[in-house]
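Q: Hey, I've got a structure open and I'd like to talk it through. Can you help me find my way around?

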2 protein chains.
Amino acid sequence: VRRKSLKGTDCAVALALEHVGDWWNILILRDALQGYSRFDDFHQSLEISPTMLTRKLNALVDSGLLEKRQYLARPPRFEYVLTPLGKDFGPVLVALFAWGKRNFQSIDRGIVLVDSETNEFAEPIVSDRKSGEIIRSPRFSFKAAKGSSAATKRRLSRSR
Amino acid sequence: VRRKSLKGTDCAVALALEHVGDWWNILILRDALQGYSRFDDFHQSLEISPTMLTRKLNALVDSGLLEKRQYLARPPRFEYVLTPLGKDFGPVLVALFAWGKRNFQSIDRGIVLVDSETNEFAEPIVSDRKSGEIIRSPRFSFKAAKGSSAATKRRLSRSR
């Protein structure tokens with residue numbers, strides 16, 4: 001998941017993508033967040049080759065999003081469990097789910113997100129914890145931090 | 001960006017990834033959401049080869065996230081502008097940014113998200129528009145929709 005061109009980046013989005021940027025990785029995290037942990041379950045869900053799945057699971061372990069644990073001694077069997085970092089990715093997946101749902105799928109298909117207290121469909125939005133306001137411009141904006149790199153400062157100043 | 005193994009999926013996350021699943025695509029969208037529209041700006045920001053950048057921009061046009069517009073007749077020059085679908089991806093990027101920031105970068109580095117009314121750093125969370133509650137279990141949960149496929153129903157029933 002590491003590509004040389006991002007070495008030294010100080011953009012949090014790029015740093016995040018270095019950990020989960022891959023398409024399959026995100027589907028594996030989706031399954032893990034829904035409670036999957038065993039190789040066979042991921043394999044059945046994703047329909048990718050065992051070799052590829054092994055590589056992706058190991059990459060997520062290396063990135064610190066999954067932890068490999070032995071759950072059976074004989075024969076040796078392992079499961080892949082979300083770390084706190086992996087669990088913390090949950091809101092990103094919810095936002096991605098919501099975008100997919102709003103744009104590519106009607107509410108009566110696939111999977112829906114339900115509020116068990118009201119039995120209504122949830123409508124996920126991204127808001128600011130302190131003010132409760134939806135994150136959007138012009139109220140919220142990205143700015144270079146004090147210690148940001150020259151490249152980042154230049155990038156922000158070139159944006160319109 | 002299309003891979004055959006997701007043909008027929010009815011998972012909104014997978015449908016979403018078919019449109020933006022690629023790592024570079026997301027960095028392009030990041031730049032576009034910060035106001036970039038011209039090839040040279042993307043090129044300078046991303047430091048990928050022109051061939052690759054052209055391919056990625058065209059893929060995002062095909063997927064409906066960017067629109068290619070001529071802004072100069074002689075010589076012919078084009079810019080890439082976010083469509084409503086592309087703009088709607090903004091909250092996903094904010095959630096990804098927040099995850100990267102929480103886990104891989106201190107607040108004084110890179111880019112920060114600022115609330116201009118309070119001058120404080122924003123803390124993006126994913127919440128439910130109706131109830132205002134943070135999306136997390138056990139209150140919120142994913143369930144199979146009425147019209148979901150047999151595969152999706154099976155997948156959800158296998159999750160723990």
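This is a predicted model: local features need pLDDT of at least 70, side-chain atom pairs count only at pLDDT 80 or more; totals for chains, interfaces and linings use all residues.

Q: I clicked on Trp99(A). Where is it, and is it buried or exposed?

A: Trp99(A) is found in helix 6 of chain A. Trp99(A) has a relative accessible area of 0%, so it is buried.

Q: What does Trp99(A) touch, leaving out residues up to four places away in sequence?

A: On that count, Trp99(A) touches Phe104(A) and a set of chain B residues, including Ala16(B), His19(B), Leu65(B), Phe89(B) and Val92(B). Also, Trp99(A) and Ile125(A) are 26 residues apart in sequence and 9.7 Å apart in space, going from C-alpha to C-alpha.

Q: OK, new topic. What rotation superposes chain A on chain B?

A: A rotation of 180 degrees with 0.0 Å of shift along its axis does it, with an RMSD of 0.0 Å. The two copies are thus related as by a two-fold rotation axis. The same surface serves both copies, with 100% of the contact residues of chain A recurring in chain B.

Q: Which residue of chain A comes closest to the rotation axis?

A: That's Val126(A), whose C-alpha is at 2.3 Å from the rotation axis.

Q: Let's do helices. At what angle do helix 2 and helix 4 of chain A pack?

A: Helix 2 (residues 23–33) and helix 4 (residues 50–62) of chain A pack at about 75 degrees, with their axes 10 Å apart. These two helices of chain A are therefore roughly perpendicular to each other.

Q: Which residues make the contact?

A: From helix 2 of chain A you have Trp24(A), Asn25(A), Ile28(A) and Leu29(A), and from helix 4 of chain A there are Leu53(A), Lys56(A), Leu57(A) and Leu60(A). The residues of this contact divide into 6 nonpolar, 1 polar and 1 charged.

Q: And in chain B, at what angle do the axes of helix 2 and helix 6 cross?

A: The axes of helix 2 (residues 23–33) and helix 6 (residues 90–104) of chain B cross at roughly 110 degrees and come within 10 Å. That makes helix 2 of chain B roughly perpendicular to helix 6 of chain B. Ile26(B), Leu29(B), Arg30(B) and Leu33(B) in helix 2 of chain B meet Gly90(B), Leu93(B) and Leu96(B) in helix 6 of chain B.

Q: What do strand 1 and strand 2 of chain A form?

A: They form a hairpin, with 4 residues between them. Strand 1 (residues 66–72) and strand 2 (residues 77–82) of chain A pair in the antiparallel sense over 6 bridges.

Q: What kind of peptide bond joins Arg74(A) and Pro75(A)?

A: A cis one, with omega at about -5 degrees. Pro75(A) is found in the loop between strand 1 and strand 2 of chain A. Another cis peptide bond joins Ser137(A) and Pro138(A), where omega is about 5 degrees. For context, most peptide bonds are trans.

Q: Last one: where is Lys146(A), and is it buried or exposed?

A: Lys146(A) is in the loop between strand 6 (140–144) and helix 7 (150–158) of chain A. Its relative accessible area is 82%, so Lys146(A) is exposed. Not counting residues up to four places away in sequence, Lys146(A) touches Lys153(A) and Asp108(B).

Definitions and conventions. Residues are numbered from 1 along each chain as its sequence is written. Chains are lettered from A and ligands numbered from 1 in the order in which they are written. Side-chain values use heavy atoms; hydrogens and water are left out. Copies are superposed by least squares on the C-alpha atoms of residues with pLDDT of at least 70 in both. Contact means heavy atoms within 4.5 Å. Axes are lines fitted to C-alpha atoms, for helices over the stretch in contact, and angles run from 0 to 180 degrees between N-to-C directions. Angles under 35 degrees count as roughly parallel, over 145 as roughly antiparallel, 65 to 115 as roughly perpendicular and the rest as oblique. Ala, Val, Leu, Ile, Met, Phe, Trp, Tyr, Cys and Pro count as nonpolar, Asp, Glu, Lys and Arg as charged, and the others, Gly among them, as polar. Buried means under 20% relative accessible area, exposed over 50%, partly exposed in between (1.4 Å probe, protein chains only). Two strands pair if DSSP finds at least two bridges between them.
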